[in-house]
Amino acid sequence: MKNIIPETYFSLSEHTQLFLFSCITGVLLGIIYDIFRVLRIILPHNQFLVMLEDILFFIIYIIIIVSFTSAFARGEFRIFYIFGNILGFILYFFSVGRIALLVIKKLVSLIKSVLLLLLRPFFLLYITMRKKFQGKFVDFYENFSNHLKILFLPLIESHKMLYNNKVIHKRKNVKVHDPKKEKTKVKR
(Lines give C-alpha, C1' and ligand atoms only; values in the text may rest on other atoms or scores of the structure.)
Protein backbone atom coordinates (compact mmCIF):
# COMPACT_ATOMS: atom_id res chain seq x y z
CA MET A 1 0.00 0.00 0.00
CA LYS A 2 1.14 3.45 -0.86
CA ASN A 3 0.92 6.29 1.61
CA ILE A 4 -0.90 9.22 0.07
CA ILE A 5 0.68 12.45 1.22
CA PRO A 6 -1.58 15.46 0.87
CA GLU A 7 -0.20 18.38 -1.04
CA THR A 8 1.17 20.85 1.48
CA TYR A 9 2.43 23.65 -0.71
CA PHE A 10 0.64 25.83 -3.20
CA SER A 11 2.05 26.18 -6.67
CA LEU A 12 2.63 29.57 -8.28
CA SER A 13 -0.59 29.34 -10.29
CA GLU A 14 -2.54 28.52 -7.11
CA HIS A 15 -0.99 31.53 -5.36
CA THR A 16 -2.04 33.69 -8.31
CA GLN A 17 -5.57 32.33 -8.09
CA LEU A 18 -5.65 33.00 -4.35
CA PHE A 19 -4.51 36.59 -4.95
CA LEU A 20 -7.25 37.09 -7.55
CA PHE A 21 -9.84 35.58 -5.20
CA SER A 22 -8.64 37.90 -2.44
CA CYS A 23 -9.07 40.84 -4.87
CA ILE A 24 -12.63 39.68 -5.54
CA THR A 25 -13.15 39.45 -1.78
CA GLY A 26 -11.97 43.08 -1.58
CA VAL A 27 -14.67 44.03 -4.09
CA LEU A 28 -17.19 42.22 -1.87
CA LEU A 29 -15.91 44.25 1.08
CA GLY A 30 -16.38 47.43 -0.97
CA ILE A 31 -20.01 46.48 -1.60
CA ILE A 32 -20.52 45.87 2.14
CA TYR A 33 -18.95 49.25 2.90
CA ASP A 34 -21.30 50.86 0.37
CA ILE A 35 -24.23 49.42 2.30
CA PHE A 36 -22.98 51.30 5.36
CA ARG A 37 -22.56 54.47 3.28
CA VAL A 38 -26.12 54.15 1.97
CA LEU A 39 -27.38 53.84 5.56
CA ARG A 40 -25.48 57.04 6.38
CA ILE A 41 -27.13 58.82 3.44
CA ILE A 42 -30.65 57.66 4.30
CA LEU A 43 -30.36 58.17 8.06
CA PRO A 44 -27.81 60.82 9.05
CA HIS A 45 -25.52 59.60 11.83
CA ASN A 46 -23.49 61.26 14.51
CA GLN A 47 -19.81 60.44 15.01
CA PHE A 48 -20.49 57.78 17.63
CA LEU A 49 -22.75 55.76 15.31
CA VAL A 50 -20.25 56.11 12.46
CA MET A 51 -17.57 54.75 14.79
CA LEU A 52 -19.80 51.80 15.71
CA GLU A 53 -20.47 51.09 12.03
CA ASP A 54 -16.74 51.17 11.26
CA ILE A 55 -16.05 48.75 14.10
CA LEU A 56 -18.81 46.49 12.78
CA PHE A 57 -17.27 46.69 9.29
CA PHE A 58 -13.87 45.62 10.60
CA ILE A 59 -15.45 42.74 12.52
CA ILE A 60 -17.12 41.65 9.27
CA TYR A 61 -13.77 41.99 7.50
CA ILE A 62 -12.08 39.76 10.09
CA ILE A 63 -14.80 37.13 9.68
CA ILE A 64 -14.47 37.27 5.89
CA ILE A 65 -10.65 37.00 5.91
CA VAL A 66 -10.76 34.04 8.33
CA SER A 67 -13.45 32.35 6.23
CA PHE A 68 -11.47 33.01 3.04
CA THR A 69 -8.32 31.56 4.59
CA SER A 70 -10.04 28.43 5.83
CA ALA A 71 -12.16 27.86 2.70
CA PHE A 72 -9.75 28.64 -0.12
CA ALA A 73 -6.26 28.46 1.35
CA ARG A 74 -6.54 25.36 3.58
CA GLY A 75 -6.11 27.55 6.68
CA GLU A 76 -2.80 29.02 5.55
CA PHE A 77 -2.76 32.75 6.00
CA ARG A 78 -0.57 34.85 3.72
CA ILE A 79 -0.05 38.59 3.87
CA PHE A 80 -0.85 38.99 0.17
CA TYR A 81 -4.47 38.09 0.96
CA ILE A 82 -4.75 41.41 2.80
CA PHE A 83 -2.99 43.23 -0.04
CA GLY A 84 -5.41 41.63 -2.51
CA ASN A 85 -8.36 42.69 -0.34
CA ILE A 86 -7.07 46.25 -0.17
CA LEU A 87 -6.42 46.34 -3.93
CA GLY A 88 -9.90 45.00 -4.75
CA PHE A 89 -11.50 47.40 -2.27
CA ILE A 90 -9.63 50.41 -3.71
CA LEU A 91 -10.46 49.44 -7.30
CA TYR A 92 -14.14 49.05 -6.44
CA PHE A 93 -14.27 52.16 -4.23
CA PHE A 94 -12.80 54.54 -6.80
CA SER A 95 -14.56 53.11 -9.86
CA VAL A 96 -17.89 51.36 -9.53
CA GLY A 97 -18.37 52.49 -5.92
CA ARG A 98 -18.36 56.17 -6.86
CA ILE A 99 -20.89 55.62 -9.63
CA ALA A 100 -23.07 53.45 -7.39
CA LEU A 101 -22.97 56.07 -4.63
CA LEU A 102 -24.00 58.86 -7.01
CA VAL A 103 -26.88 56.75 -8.34
CA ILE A 104 -27.96 55.88 -4.80
CA LYS A 105 -27.84 59.55 -3.72
CA LYS A 106 -30.01 60.54 -6.69
CA LEU A 107 -32.39 57.66 -6.01
CA VAL A 108 -32.71 58.53 -2.31
CA SER A 109 -33.36 62.20 -3.09
CA LEU A 110 -35.97 61.18 -5.68
CA ILE A 111 -37.71 58.87 -3.19
CA LYS A 112 -37.64 61.59 -0.50
CA SER A 113 -39.15 64.16 -2.88
CA VAL A 114 -41.88 61.74 -3.99
CA LEU A 115 -42.70 60.90 -0.36
CA LEU A 116 -42.80 64.57 0.56
CA LEU A 117 -45.10 65.25 -2.38
CA LEU A 118 -47.41 62.39 -1.40
CA LEU A 119 -47.42 63.30 2.30
CA ARG A 120 -47.77 67.06 1.77
CA PRO A 121 -51.59 67.09 2.23
CA PHE A 122 -51.21 65.28 5.55
CA PHE A 123 -48.53 67.75 6.68
CA LEU A 124 -50.77 70.67 5.74
CA LEU A 125 -53.71 69.10 7.58
CA TYR A 126 -51.53 68.57 10.63
CA ILE A 127 -50.29 72.17 10.55
CA THR A 128 -53.78 73.65 10.23
CA MET A 129 -55.16 71.42 12.98
CA ARG A 130 -52.27 72.31 15.24
CA LYS A 131 -52.73 76.04 14.65
CA LYS A 132 -56.46 75.76 15.26
CA PHE A 133 -56.23 73.78 18.50
CA GLN A 134 -52.90 74.93 19.87
CA GLY A 135 -54.26 78.06 21.56
CA LYS A 136 -57.13 76.16 23.15
CA PHE A 137 -54.90 73.44 24.51
CA VAL A 138 -52.30 75.93 25.72
CA ASP A 139 -54.98 77.90 27.57
CA PHE A 140 -56.40 74.70 29.02
CA TYR A 141 -52.95 73.58 30.16
CA GLU A 142 -52.15 76.95 31.73
CA ASN A 143 -55.48 77.05 33.58
CA PHE A 144 -55.08 73.49 34.75
CA SER A 145 -51.52 74.06 35.95
CA ASN A 146 -52.56 77.25 37.78
CA HIS A 147 -55.35 75.36 39.57
CA LEU A 148 -52.87 72.69 40.57
CA LYS A 149 -50.49 75.30 41.93
CA ILE A 150 -53.27 76.82 44.02
CA LEU A 151 -54.25 73.43 45.41
CA PHE A 152 -50.75 72.63 46.57
CA LEU A 153 -49.75 75.99 48.04
CA PRO A 154 -48.21 75.51 51.48
CA LEU A 155 -50.44 77.13 54.08
CA ILE A 156 -49.18 78.66 57.32
CA GLU A 157 -50.64 76.98 60.33
CA SER A 158 -52.30 79.47 62.64
CA HIS A 159 -51.06 78.03 65.93
CA LYS A 160 -47.39 78.33 65.04
CA MET A 161 -45.46 81.56 65.17
CA LEU A 162 -44.03 82.99 62.06
CA TYR A 163 -40.65 83.80 63.60
CA ASN A 164 -38.37 81.76 65.74
CA ASN A 165 -38.44 82.91 69.41
CA LYS A 166 -34.70 82.55 69.88
CA VAL A 167 -33.92 84.82 66.99
CA ILE A 168 -36.40 87.43 68.20
CA HIS A 169 -34.96 87.43 71.73
CA LYS A 170 -31.48 88.02 70.47
CA ARG A 171 -32.52 91.12 68.60
CA LYS A 172 -32.37 94.20 70.77
CA ASN A 173 -34.74 96.56 69.04
CA VAL A 174 -37.69 94.16 68.79
CA LYS A 175 -40.30 93.91 71.52
CA VAL A 176 -41.48 90.43 72.24
CA HIS A 177 -45.18 89.92 72.53
CA ASP A 178 -45.85 87.07 74.92
CA PRO A 179 -49.51 86.70 75.96
CA LYS A 180 -48.63 84.64 79.08
CA LYS A 181 -46.43 87.39 80.52
CA GLU A 182 -49.10 89.99 79.83
CA LYS A 183 -51.72 87.93 81.70
CA THR A 184 -49.48 87.66 84.72
CA LYS A 185 -48.80 91.38 84.72
CA VAL A 186 -52.49 92.25 84.40
CA LYS A 187 -53.54 90.02 87.35
CA ARG A 188 -51.32 91.76 89.87
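In what order do the elements of the chain run from the N terminus on? The answer is α-α-α-α-α-α. The model is a predicted one, and its chain holds 6 helices and 0 strands. As for burial, 18% of the 188 residues of the chain count as buried.

The packing of the helices comes next. Helix α1 takes in residues 12-42, and helix α3 takes in residues 79-94. The axes of α1 and α3 come within 6 Å of each other, crossing at roughly 50°. An angle under 35 degrees would count as roughly parallel, and the range for roughly perpendicular is 65 to 115, so α1 and α3 end up oblique to each other. Their crossing is right-handed.

Helix α2, which covers residues 47-72, packs with α3 too, at an angle of about 125° and with the two axes 11 Å apart. Roughly antiparallel takes an angle over 145 degrees, and roughly perpendicular ends at 115, so α2 and α3 are oblique to each other. The crossing of α2 and α3 is right-handed.

That leaves the pairing of α1 with α2. The axes of α1 and α2 come within 11 Å and cross at roughly 155°. Because the cut-off for roughly antiparallel is over 145 degrees, α1 is roughly antiparallel to α2. Here again the crossing is right-handed.

One residue in α2 gives a closer look at this part of the chain. Ile60 sits in helix α2. Ile60 and Leu29 are 31 residues apart in sequence, and their C-alpha atoms are 8.7 Å apart in space.

Now for the charged side chains. Side chains of opposite charge can pair when their charged atoms come close. How many salt bridges does the count come to? The count comes to 4 salt bridges.

One of them joins Asp34 with Arg37, where the closest N and O atoms are 2.7 Å apart. Both residues belong to helix α1, and a spacing of 3 residues puts them about one turn of the helix apart. Asp34 is buried, and Arg37 is buried as well.

Another salt bridge pairs Asp54 with Arg40, with 2.9 Å between the closest N and O atoms. This pair links distant parts of the chain, Asp54 being in helix α2 and Arg40 in helix α1, 14 residues apart. Asp54 has a relative accessibility of 25%, which means that Asp54 counts as partly exposed.

Arg78 and Glu76 form a salt bridge too, and their closest N and O atoms are 3.1 Å apart. Arg78 has a relative accessible area of 33%, so Arg78 is partly exposed. Glu76 has a relative accessible area of 22% and is therefore partly exposed as well. Which residues do salt bridges with shared partners join into one network? The network is made of Arg40, Glu53 and Asp54.

Leu107, Leu110, Ile111, Val114, Leu115, Leu116, Leu118, Leu119, Phe122 and Phe123 form a nonpolar patch on the surface. Together these residues have about 970 Å² of accessible area. Phe123, one of the residues in the patch, has its place in helix α4, which spans residues 96-151. Why does Phe123 count as partly exposed? The relative accessibility of Phe123 is 42%, and partly exposed covers the values between under 20% for buried and over 50% for exposed.

Note on methods:
Residues numbered from 1 in each chain as written. Predicted model: local features only at pLDDT ≥ 70, side-chain atom pairs only at ≥ 80, totals over all residues. Heavy atoms only, no water. Patch = residues over 30% accessible without salt bridge, like charges linked within 9 Å, V, L, I, M, F, W, Y side chains within 5 Å. Areas by Shrake-Rupley, 256 points an atom, 1.4 Å probe, with all protein chains shown as cover. Salt bridge = Lys/Arg side-chain N within 4 Å of Asp/Glu carboxyl O. Helix = DSSP H or I, 4+ residues; strand = E, 2+ residues; numbered from the N terminus. Buried < 20%, exposed > 50% of the residue type's maximum accessible area, 1.4 Å probe, protein only. Axes fitted to C-alpha atoms, helices over the stretch in contact; angles between N-to-C directions. Left-handed = near helix turned anticlockwise from the far one by under 90°.
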